[in-house]
Amino acid sequence: MTGKYFRKPTAAEMADGRIPPGQHLAKGFPILTYGDAPDVRTETWSLKLWGELDGGDCDLSWADLMAMPQVTLTADFHCVTRWSKLDVQWMGVKLTDICDRVQLSSRAQYVMQHCYGGYTTNLPLAEFLRPDTYLVHSLNGEPLPRDRGGPARTLVPHLYAWKSAKWISGFEFLTQDAPGFWERNGYHRRGDPWAEERYSGGF
């Protein structure tokens, strides 16, 4: 996988624990997408929260998202296809802040991420609500490009990047786990890069 677009990590880079096993470092920032990128405008974008909620469903507009506390962060990005991009700069809103807008039921244990275009991916609620997970709308100081999931995507940096879903349209809170798109097609239910959880298996 080394060459023009990727390089093998040095021993020093591997020693700091940031690069999962089996990964190469991307010299650029590859774009991988299954199917066409939907064209979603901020004027019509909305985020629906529904499912196991005690206080009822919630719909957030783009203006609602922008009115929430904004965080600039740097995070590494690990693709299941064996490349990693370090120190990517994002801006967005913590997923915990978004979920503070609703009253989660004690029955909620999982989240299905829904996207414009029909893509889905599942997460345990505990993974979804970690302090380092976000809904991001900017990349390197610019609005998130359409082909990278704009106007908004999730960022779940401790798992493989297919769990950081592009073109987010909603979060469905569930009592039981259910597989999303790639999970139904042979990918692992969790996707921990350090455990190399690439393909089918349980948590």
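Buried means under 20% relative accessible area, exposed over 50%, and partly exposed in between, with a 1.4 Å probe and protein chains only. The views come from a predicted model, in which local features need pLDDT of at least 70, side-chain atom pairs count only at pLDDT 80 or more, and totals for chains, interfaces and linings use all residues. Residues are numbered from 1 along each chain as its sequence is written, and side-chain values use heavy atoms, with hydrogens and water left out.

View A. Ala165 sits in the loop between β11 (153–155) and β12 (168–174); strands are DSSP runs (E, at least two residues), numbered from the N terminus. Leaving aside residues up to four places away in sequence, Ala165 touches Gln113, Cys115, Tyr119, Thr121, Arg153 and Thr154, where contact means heavy atoms within 4.5 Å. Gln113 is 52 residues from Ala165 in sequence, yet the C-alpha to C-alpha distance is 7.1 Å.

**View B. The cis peptide bond between Gly150 and Pro151.** Omega for this bond is about 15°. Pro151 belongs to the loop between β10 (142–143) and β11.

**View C. Arg82, a non-glycine residue with positive phi.** The phi of Arg82 is about 80°. Arg82 lies in the loop between β5 (71–79) and β6 (83–94). Arg82 is partly exposed because its relative accessibility is 36%.

**View D. Asn140, a non-glycine residue with positive phi.** Here phi is about 55°. The loop between β9 (134–139) and β10 holds Asn140. With a relative accessible area of 49%, Asn140 is partly exposed.

How values were computed. Helix = DSSP H or I, 4+ residues; strand = E, 2+ residues; numbered from the N terminus.
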